[in-house]
Amino acid sequence: MPARKTDQTALRDALDPRDVLLSLPGIAVMNTQHWHADSAASAIREAYNIPRDTACAECFAAADILAHIDRFARGQFVAIRTSGPGAGQAVGVAATMRTTRLPTAPALPWSEAIGDSTLAAHEPEGDWLYGAEMAVRPDYRRKGIGTGLYRVRFDLARSLNLRGWYAVGMLMGYHNYADHMHVREYGQKVIAREIKDPTVTMQMNRGFRAVSVVTDYDDEPQAGDAGVLIVWENPDRS
């Protein structure tokens with residue numbers, strides 16, 4: 001009797017080149033499939049340094065990721081290792097939904113904006129893309145994976161002829177300034193490009209327009225629970 005395949009081997013063998021949206025060295029970016037759910041959930045926890053046995057109400061679990069796929073399959077993405085001992089493992093995750101809520105409306109806290117962990121607020125006919133999650137395992141950062149996950153979401157907004165894509169980028173550099181500056185002041189200086197923030201400045205450099213500081217957006221102590229509303233208008237919309 002042949003040996004039973006490990007889950008990781010099954011993931012690797014399930015990779016169909018026709019599903020690959022973007023290829024990077026040793027990495028394939030593709031739409032999340034049902035068999036990626038466990039690995040994708042682990043990638044999110046590792047990205048935020050949260051152990052598997054620690055409660056995390058804001059970490060998408062495998063069941064949540066399955067629900068995302070069922071709601072909006074085209075809006076869910078993973079970066080998968082295609083070679084080496086970790087072949088088949090998700091090293092990056094991005095989750096999006098569609099919404100009719102305009103980016104000019106008052107910003108909602110993250111949990112309200114997405115509805116719940118299953119993206120219950122997704123509107124199938126929404127003409128804006130909303131960024132719900134973006135995570136890359138620490139060992140795989142600065143390898144183009146984040147850039148690739150942004151690229152496929154820009155492509156998605158164009159292919160669906162959406163008005164654009166918006167999100168709230170967390171001010172992850174704020175903890176370095178917290179002793180002498182309120183998070184709102186820090187965010188405004190980031191928007192004005194007087195301070196470089198590792199998340200929001202990067203998003204601005206990718207083509208997003210930084211609009212305003214959003215306080216009490218999500219439970220993230222390093223960011224002072226705050227972020228910046230970022231908006232990208234689709235230049236190809238017809």
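Strand 4 gives the largest share of the lining of the largest cavity, three residues. Helices (H or I, at least four residues) and strands (E, at least two) are DSSP runs, numbered from the N terminus. The model is predicted, so to read it: local features need pLDDT of at least 70, side-chain atom pairs count only at pLDDT 80 or more, and totals for chains, interfaces and linings use all residues. Residues are numbered from 1 along each chain as its sequence is written, and side-chain values use heavy atoms, with hydrogens and water left out.

The structure holds one cavity of 30 Å³ or more, and the volume of the largest cavity is about 60 Å³. A cavity here is a set of points on a 1 Å grid over the protein atoms alone where a 1.4 Å probe fits but cannot get out; lining residues have an atom within 4 Å of a point. Grid points are joined across faces, edges and corners, and a volume is the space filled by probe spheres set on the points.

Among the lining residues are Thr32, Phe60, His68 and Gln76. Helix 2 (37-47), helix 3 (62-72) and strand 4 (90-99) each give two or more residues.

Most residues other than glycine have a negative phi. Leu119 and Arg193 have a positive one although neither is a glycine.

| Residue | Phi | Relative accessible area |
|---|---|---|
| Leu119 | about 60 degrees | 2%, buried |
| Arg193 | about 60 degrees | 48%, partly exposed |

Buried means under 20% relative accessible area, exposed over 50%, and partly exposed in between (1.4 Å probe, protein chains only).

Terms used: 1 Å grid on protein atoms, 1.4 Å probe; cavity = no way out; pocket = protein on both sides within 12 Å on 5 of 7 lines; lining within 4 Å.
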